Amino acid sequence: MIGHSSNASELWKNLPWKKFRLNLFRLQKRVYKAIRVGDKRKAKSLQRLILKSTSARLLAIRQVTQLNAGKKTAGIDGKASLTFEQRLELSEELRAKSNNWYHQSLREIPIPKKDGKIRILKVPTIADRAWQCLAKYALEPAHEATFHARSYGFRPGRSAHDAQKVLFHNLRSQSNGIEKRVIELDIEACFDRISHSAIMERLIAPKGIKNGIFRCLKAGVNPEYPEQGTPQGGVASPLLANIALNGIEDIHQSVRYADDMVFILKPKDNANEILDLISQFLAERGMNVSEKKTKLTASTEGFDFLGWHFKVQSNGKFRCVPSVDNFKTFRKKVKHIVNNSNYGATTKAFKLAPVVRGWRTYHRYCKRKGARFSLYHIETRAFKVFNREPKQNRESSKRLLDRAFPKVPYSENKHVNVTGEKSPFDGDLTYWSERNSKLYAGETSKALKRQNHKCGYCGLKMLPGEKVHLHHIDGNHKNWKTKNLLAIHESCHDYIHMGKTAR
């Protein structure tokens, strides 16, 4: 029986999270290695252990209630968050029912798309999200051992920048990119049309997990297509889509990020033959090529992919810049903050900083020279607005501008791709912790190097899958002295400030 809220709070805070992570990773590593050597029987036995594991169960609950971006989104039961007691009660429920889990219905949230259409986000309850996260802990290492090296979306240790670099390697002047074409593949309603049988046939899992995943798929089903679709909004949905689409990369030289894909054609390659093979592959999985959006484009004409515009110039040089749509969306966010009369200049600077830093960080391997992508005009406009504020002079406005538009160094096409088929579950902690550290710049990068790529709080290596937070030890965010800065896991930061942020 669980005691008062304060007791439950202390119990939750004092759980050995570091030990839990080590326990889970040890099992996941064994699952990965079993599949790599072809021992599915052993892998499924280990997956059952993960499903029963107290460490995995509590980490799954913490992930969906404290760490995930949508942690405050309610499901059909109306619960947007859980108290500490409810988290511990959910752990008991998962312990008893994880091998025979039944999903509740999904809450549907309409999301407008760029083309004016509506995408339906289907949100499971917190309990169902926790079970999916637990199942994902068991499924992901097994399928990471089988996934194609040129698949980069929603995979631990891989990113959009890897896909960006693949296109650089294939379209640069040394590769005669000026002579090549690309097929910009668009899969019609990909997540809504994936065949359930295609997923279930390829799922590497014991019966308990398979049954739970099947019920998860059926909970989000569209009555018009009862045998198709994965619920967009589920924790496991991106992984299930990757499982269904795995192998499409073998059709022809290509790069894939989830359901976004580009095929690279040499002059003698037959585009129609390749498209026929793609259509056949997708048809076997219940999907179709979107004839309206799928295009054959010369590399010299340029094309958009993952928020970037790729083009081979007339001199044969490869260029990558932020796409028009991406820049418009970013500029709209900045203007909304800068022109908001409800905020003072200091608040505006505080709100602008993460937006600008995030955009510059995402595009740090692009060409960012020139007034447009250096954000010169946007900064000039912001400075004028700041300077009009009461009690603001030119000098203080300049300081706020520097805070609102943090510099992020960029190095065109210098991203280093993940090596071959390597996976964070292969146990090479040195490789992955150092690689993860390189994803960060500035003071965060310096702190990680000082700490030998380990979390300054729990001491574990910084591995893919969890963000790094730069912690100010004295709580003063204006104190940027080296001794006051500590690179820690985002979850460890959450743990430090548990009383303020974990509820």
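# Briefing: Strands, Charges and Turns in a Predicted Model

Proline 112 has isoleucine 118, in strand E2, as its bridge partner. This is a predicted model, in which local features need pLDDT of at least 70 and side-chain atom pairs count only at pLDDT 80 or more, while totals for chains, interfaces and linings use all residues. Residues are numbered from 1 along each chain as its sequence is written, and side-chain values use heavy atoms, with hydrogens and water left out. Helices (H or I, at least four residues) and strands (E, at least two) are DSSP runs, numbered from the N terminus.

**Strands E1 and E2**

- Strand E1 covers residues 107-112, and strand E2 covers residues 118-123.
- E1 and E2 run antiparallel and are joined by 6 bridges; two strands count as paired if DSSP finds at least two bridges between them.
- The number of buried residues among the 6 of E1 is 0, so this strand lies largely in the open. Buried means under 20% relative accessible area, exposed means over 50%, and partly exposed lies in between (1.4 Å probe, protein chains only).

**Strand E5 and its partners**

- In strand E5 (residues 260-265), 5 of the 6 residues are buried, and the strand is mostly covered.
- Strand E3 (residues 181-185) runs antiparallel to E5 and is joined to it by 5 bridges. Within this pairing, valine 182 stands opposite isoleucine 264.
- Strand E4 (residues 254-257) also runs antiparallel to E5, with 4 bridges between the two. Here tyrosine 257 stands opposite aspartate 260.
- E4 and E5 form a hairpin with 2 residues between them.

**Two alanines with positive phi**

- Alanine 258, in the loop between E4 and E5, has a phi near 60 degrees, a positive value in a residue other than glycine. Alanine 258 counts as buried because its relative accessibility is 8%.
- Alanine 189 has a positive phi of about 45 degrees, although it is not a glycine. The residue is found in the loop between E3 and helix H8 (190-193).
- With a relative accessibility of 34%, alanine 189 counts as partly exposed.

**Salt bridges**

- Side chains of opposite charge can pair when their charged atoms come close. A salt bridge is defined as a side-chain nitrogen of Lys or Arg within 4 Å of a carboxyl oxygen of Asp or Glu.
- A search of the whole structure finds 18 salt bridges.
- In one of them, the side chains of glutamate 144 and arginine 155 meet at 2.9 Å, N to O. This pair links distant parts of the chain: glutamate 144 belongs to helix H6 (residues 126-144), whereas arginine 155 lies in the loop between H6 and helix H7 (160-171), 11 residues apart.
- Glutamate 144 is buried, with a relative accessible area of 2%, and arginine 155 is buried as well, at 6%.
- Glutamate 412 and arginine 319 also meet through their side chains in a salt bridge of 2.9 Å, N to O. The two are 93 residues apart and link distant parts of the chain, with glutamate 412 in the loop between helix H16 (394-404) and helix H17 (429-437), and arginine 319 in strand E9 (residues 318-322).
- Glutamate 412 counts as partly exposed at 23% relative accessibility, and arginine 319 counts as partly exposed at 22%.
- Lysine 422 forms a salt bridge with aspartate 426, and their closest N and O atoms are 2.8 Å apart. Aspartate 426 is buried, with a relative accessible area of 18%.
- Arg360, Glu379 and Lys407 are linked in a network of salt bridges.

**A positive surface patch**

- Lys328, Arg331, Lys335, Arg372, Arg381, Lys384 and Arg388 form a positive surface patch. Helix H13 (324-338) and helix H15 (376-388) each supply at least two residues of this patch.
- Patch residues have over 30% relative accessible area and no salt bridge; like charges are joined within 9 Å, and nonpolar side chains (Val, Leu, Ile, Met, Phe, Trp, Tyr) within 5 Å.
- Arginine 331 lies in helix H13 and is partly exposed, with a relative accessible area of 32%.

**Distances across the model**

- Proline 156 lies in the loop between H6 and H7 and is buried, with a relative accessible area of 13%. Proline 156 and asparagine 342 are 186 residues apart in sequence and 40 Å apart in space, C-alpha to C-alpha.
- Asparagine 476 is found in the loop between strand E10 (468-472) and strand E11 (485-489). Asparagine 476 and glycine 212 are 264 residues apart in sequence and 47 Å apart in space, C-alpha to C-alpha.

Notes
Accessible areas come from the Shrake-Rupley method with a 1.4 Å probe; for residues, only the protein chains shown count as cover. Lys and Arg count as positive and Asp and Glu as negative; His and the chain ends are not counted. The place of a charge is taken as NZ of Lys, CZ of Arg, CG of Asp or CD of Glu.
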